[in-house]
Amino acid sequence: MLLISEQNGRKKEDLNGKLVSQTRLTIAVRYLSPLRKIVAMGYGKHNKRSAFNTAVADAMRYAIEGMYPDLTVNPQKVRLTRGGLLHPLNPAAVRIGDKLTVTFDPGFDKLYGFGDDEVILCAYNPDVGVAGINEERCRRQDGALELQLPVQLADAAVTVYLFARDRSGKRFSNSVFLGVL
């Protein structure tokens, strides 16, 4: 007889695979938890809980790198928002003291974006667990945006993301990683 399946209980590899998956999940949740409000907006076709779960699944799939137990988050591959709106083109970020300045191409495509789309800048320090976005409204046609960092982030390195939201607040672009400044 040719055996095509066999069930001998749990294998040691299964437990290790489960441990690796749990560790990846923990790392992704820890990284994204301070960003829940943005994720809830940016994965907007879902309710808040499933939006966060989808973002965590994306982070586990694409952004967690390394071999167990040395797993790390690659912030460049983390997606805070997801959508078909055109993201701000050619963004460049500069940090001077506790102020971030981002410039981008004010042009747009009439099919996938408009001049009055809101551009949102997110500064985040995963070690401190503090994230912030710009308070003042910036439109795509403005071509530049400034963000005054809060006291908690004034002397710390921040991971910077940029994304666009349409005038109705329902459509988003994919977030763009601008670097650690």
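## The nonpolar cores

In this predicted model, the largest nonpolar core has 24 residues, and those with the most contacts inside it are Y31, L32, L35, V78, L80 and C122. A nonpolar core is here a set of buried Ala, Val, Leu, Ile, Met, Phe, Trp, Tyr and Cys residues joined through side-chain atoms within 4.5 Å, where buried means under 20% relative accessible area, exposed over 50% and partly exposed in between, with a 1.4 Å probe and protein chains only. Two or more residues of this core are given by each of α1 (12–32), α2 (36–42), α3 (48–63), β5 (118–125) and β8 (159–165), and the largest share, six residues, comes from α3. Helices (H or I, at least four residues) and strands (E, at least two) are DSSP runs, numbered from the N terminus.

With residues up to four places away in sequence not counted, C122 touches L35, I38, L80, G132, I133, T159, V160 and Y161; contact means heavy atoms within 4.5 Å. A second, separate core of 17 residues includes L149, L153, L162 and L178.

## An aromatic pair in the interior

Rings of Phe, Tyr and Trp (its six-membered ring) pair if their centres lie within 6.5 Å, with planes under 30 degrees apart counted as stacked, over 60 as edge-to-face and the rest as tilted. By this rule the count comes to three aromatic pairs. In one of them, the rings of Y31 and Y124 have their centres 5.2 Å apart and their planes at 85°, so this pair is edge-to-face. Because Y31 lies in helix α1 and Y124 in strand β5, the pair ties together parts that are 93 residues apart in sequence. Both Y31 and Y124 are buried.

## The three-stranded sheet

An open sheet of three strands runs in the order β3-β4-β7 with antiparallel pairing, two strands being paired if DSSP finds at least two bridges between them. The strands β3 (89–96) and β7 (144–148) stand at the edges with a single partner strand each, so one side of each is left without a neighbour in the sheet. Direction ignored, neighbouring strands of this sheet are turned by 15° against each other on average, the axes being lines fitted to C-alpha atoms, for helices over the stretch in contact, with angles that run from 0 to 180 degrees between N-to-C directions.

Strand β4 (residues 99–105) pairs with β3 over six bridges and with β7 over five bridges. The covered face of β4 holds L100, V102 and F104, and its uncovered face K99, T101, T103 and D105.

## The chain as a whole

The protein chain contains three helices and nine strands, and its C-alpha trace spans about 70 × 40 × 25 Å along its principal axes. Of its 181 residues, 36% count as buried, and the chain exposes about 10900 Å², of which carbon and sulfur atoms supply 52%; accessible areas come from the Shrake-Rupley method with a 1.4 Å probe, and for residues only the protein chains shown count as cover.

## Basis of the values

Residues are numbered from 1 along each chain as its sequence is written, and side-chain values use heavy atoms, with hydrogens and water left out. As this is a predicted model, local features need pLDDT of at least 70 and side-chain atom pairs count only at pLDDT 80 or more, whereas totals for chains, interfaces and linings use all residues.
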